[in-house]
Structure formats: C-alpha cells, structure tokens
Amino acid sequence: MSGYGVTPLPGLPARVTICEVGPRDGLQNEALPLPVEVKAEFVERLVDAGHTVVETTSFVHPKWVPQLADAEQLLQRLTFTDGVRYPVLVPNERGLDRALALGVRDIAVFASATETFARRNLNRTVDESLAMFAPVVERARREGLHVRAYLSMCFGDPWEGEVPVRQVVGVARHLMAMGCTELSLGDTIGVATPGRVGTLLDALTAAGIGMPAVAVHFHDTYGQALANTLAALQRGVTTVDASAGGLGGCPYAKSATGNLATEDLLWQLAGLGIETGVDLGKLVETSVWMAERLGRPSPSRTVTALAGTGTGTGTGTEKENR
C-alpha cells in the first residue's frame, strides 16, 4: 500500500474478498454506453490487478439498462482466467437462458426490501419479485451455479424513509431459503451509519444467516461507506462490494451516488493488515485510464491522491520517492 505502516485492530478478518462491481454497477449509470472493447479491457485490467470476483455485466433488458445491452458481445470477447469468478446479473429465466448459453457459472438476482423500490425497479411487489426469482435460483443451483442475491434499500428508501430491520431480515431469509449462496446487503442511497449496520447484521445472525454468506454493498452518498464497512468487518463479514474509481449509482434511485471506491477500501484494509490480493497501484492506473474514457476525474480520494503524486503502488510497497 504505502510506507505509512500497518496497525491491525482486534476482531477483524485476516483476509477480505472484494467483489468488484465497476463493470456492471459502475457503468450501468453512465449517460452513454462505452464501446464493448473498452469494457473488455476494463475487466481484463481488473483481473490483472488481482481481483478474483469481477461482476461483468447484466442480462436485464436493454430497454431498461441500455448501457449494458452488449452483454453477449462482452462475454464473448473475454478470456476467462482460472480462479476468477465473473458473475452476471439476471432478472428472470430468459436472462438465465442467455447466461447459460454463454457458459456463465455465477449469476446474481436483485430484490428489494421495500415495496416502492420493488415496483420502480422490477415493476412488481416484493412478493411477486421473489416468486419470479424462485425458479431462476432453483434452476441455477441445479446447474451448479453460484447465486448471489442483491437486496436493495436495506437501510433507507427515498420514498419510504427508514427501513425496519425486521422487514429486511424477512426478505433476506426468503432469498436464502430459496437457495441463494450469497446475500449482498445494499445501502442503495448511502444513508446507513455504523450502528445501523451492526444492528442489521446482528439481526441476520439471530435469524440464522451466517456472516460467511453475507456481503455488504455501500454507496458513499454521505461519506459513511468506509465506516460502515469497518462496522461490518467487526461483525465477521469478509466480502465487500466496491467499484474501481468509485463508479456507479442506481438508475432507479436518483439520490444514490457512487459506490464505495475500491481504491479507498484497499487503502483502509492494507493499513489494517488485511489481505485482499489486489494491487493498489495497478487499480489506480486502471481507474485513471477509465476516467479518461469517461471524460471526468475519478471521485475516489485515493485515486486522486496517488495519481497526483505518482507514489501509488501495489499492496505492501511504495514507489521510490521522486
């Protein structure tokens, strides 16, 4: 990371898996689609930086997410690396058909903890959306696929306000009972604070959902994403979603800003002595490269700091002073 030292804190995991969501959750909110060759290079750069989970694209109908309409072309361009997972988002059985035809081995479904967002995002009630996912999950598991369940609006909803913990736990239990192998808790509009995070994770544990199956997905609207991540790690979570350069938002919740930047997360984890296997220097270079293609600077503070000084390097080392 840097030459500023490592100071661990008690009770934290030795290693964290970063689920890199930049190519999907990051790019889906861009005003204009990027060329497929740029997306393919982005994924390859992320893998070269050491990521072992890179969420690649989505099979949502292009009418709803035109930025990812080239899902098939992208997957056909990629050279898949052994030991790396390339999950894709699927909304229904048709999406699963498309994924299976291309040899996809990891999928994700996306649910909502609130009725308003379920209707806006999926045009269904919460119960109707869960009923839609059930055959998708069952068939995917029968095919031996890993199935991640995204659960949005776990802490606050722009239309309904604060979301009761019991409401989130109820939907989470339903998703895990249908066979999902991982649950990603989304702070979709970035309103969570560390106490709320701990309370929800404690409630999930009490409901029988173990932390090894839980991931956290924080947006940084109010600057709380890193603090919330630390609170989750203290509860035993070992998978954290993040987006290179802090790309992203949510096209159906306009108050949602960018995801937690992977570089900011890496800086924190490295300072705590937590391994990730991801090279910070390579990731900074990738985010600078992507920012040039998007025509704007990266919102990541770590990217700004390291790209500006030229001192960013991979985990555990630092370039020579100039």
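## Salt bridges in a predicted model

A salt bridge joins the side chains of E162 and R196, with an N to O distance of 3.6 Å. This pair links distant parts of the chain: E162 belongs to strand β8 (residues 161–162), while R196 belongs to helix α8 (residues 194–206), 34 residues apart. E162 counts as exposed because its relative accessibility is 61%, and the cut-off for exposed is over 50%. The structure described here is a predicted model.

In total, 16 salt bridges are counted in the model. Side chains of opposite charge can pair when their charged atoms come close. Three of these pairs are set out below.

| Pair | N to O distance |
|---|---|
| E162 and R196 | 3.6 Å |
| E41 and R45 | 3.1 Å |
| E55 and R24 | 2.8 Å |

The salt bridge between E55 and R24 has an N to O distance of 2.8 Å. It links distant parts of the chain, with E55 in the loop between β2 (53–54) and β3 (57–58) and R24 in helix α1 (residues 22–26), 31 residues apart. E55 and R24 are both buried. A network of salt bridges links R24, D25 and E55.

Notes: Residues are numbered from 1 along each chain as its sequence is written. This is a predicted model: local features need pLDDT of at least 70, side-chain atom pairs count only at pLDDT 80 or more; totals for chains, interfaces and linings use all residues. Side-chain values use heavy atoms; hydrogens and water are left out. A salt bridge is a side-chain nitrogen of Lys or Arg within 4 Å of a carboxyl oxygen of Asp or Glu. Helices (H or I, at least four residues) and strands (E, at least two) are DSSP runs, numbered from the N terminus. Buried means under 20% relative accessible area, exposed over 50%, partly exposed in between (1.4 Å probe, protein chains only).
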